[in-house]
Amino acid sequence: MNNMELARFNMVEQQIRPWDVLDGNVLDLLRKVKREHFVPVDKQSMAFMDVEIPLGHGVKMWFPKVEARVLQALKLKASDRVLEIGTGSGYLTALMSRMAQHVTSVELVQELSARAARTLAAHHYDNVTLEVGDASRGWGNEKYDAIVLTGSVPLPPESFYQMLNTGGRLFAIVGDAPAMHATLVSCVAPGVFETTVLFETSVALLTNAPQPQRFSF
């Protein structure tokens, strides 16, 4: 086992599995999809560390264990159509594309989207559509089986609820730092939603996310 593969093995066994990620399909995927391909060249030494990796423009790759917990919670199927808000490096996009039928990913920063597009194309992730724009309140009129917000939001992102098919799942990190909660919203019937709190974490705010009314005295 070379140094890169040893680092990948240690990431899975020492960071991810102990964080209650026990889904064998998810663990196998994390071994197969090469995280280092999506890390900026000058950050390669950080590819498997238990840290957020800066991508520029104030954007960071999530901790590997957070990416893994999201995949496990979404339970993506081969027939699922996925919407990702915030492409970032394209790594989570790639992971989800290997589980789902198609992933549409929207990124506000043109440079990040272009970089992710090059990486995804180079490694033959062909069931992905990348868009550039502000999707902080939704995107288009399509409905999806899974939606992931890669930036946090102060309030439950109800504008996305109506974009879920029945049986669809929405992952969002909700709250204000440092008390944020990773949540999974499930559409159990038309107009009926259930929310499950998965874990506590803290990530950067989704740009232009709706803000609660703040009172000042």
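## The largest pocket

Let's start with the largest pocket, which has a volume of about 540 Å³. A pocket here is an open set of points on a 1 Å grid over the protein atoms alone, where a 1.4 Å probe fits, with protein on both sides within 12 Å along at least five of seven lines; lining residues have an atom within 4 Å of a point. The volume is the space filled by probe spheres set on the points.

Of the 32 lining residues, Val59, Gly86, Glu107, Thr150 and Gly151 are the closest to the centre. Strand β2 gives the largest share of the lining, 3 residues.

## About the model

This is a predicted model, in which local features need pLDDT of at least 70 and side-chain atom pairs count only at pLDDT 80 or more, while totals for chains, interfaces and linings use all residues. Residues are numbered from 1 along each chain, and side-chain values use heavy atoms, without hydrogens or water.

## Arg8 in helix α1

Now look at Arg8, which sits in helix α1 (residues 3–16); helices are DSSP runs (H or I, at least four residues). Because its relative accessibility is 1%, Arg8 counts as buried (under 20% relative accessible area, 1.4 Å probe, protein chains only). Met11, Val12, Gln15 and Ile16 of α1 are buried too.

The side chain of Arg8 makes a polar contact with the side chain of Glu5 at 2.9 Å (a pair of N or O atoms within 3.5 Å, one able to donate a hydrogen and the other to accept it).

Notes
Helices (H or I, at least four residues) and strands (E, at least two) are DSSP runs, numbered from the N terminus. Buried means under 20% relative accessible area, exposed over 50%, partly exposed in between (1.4 Å probe, protein chains only).
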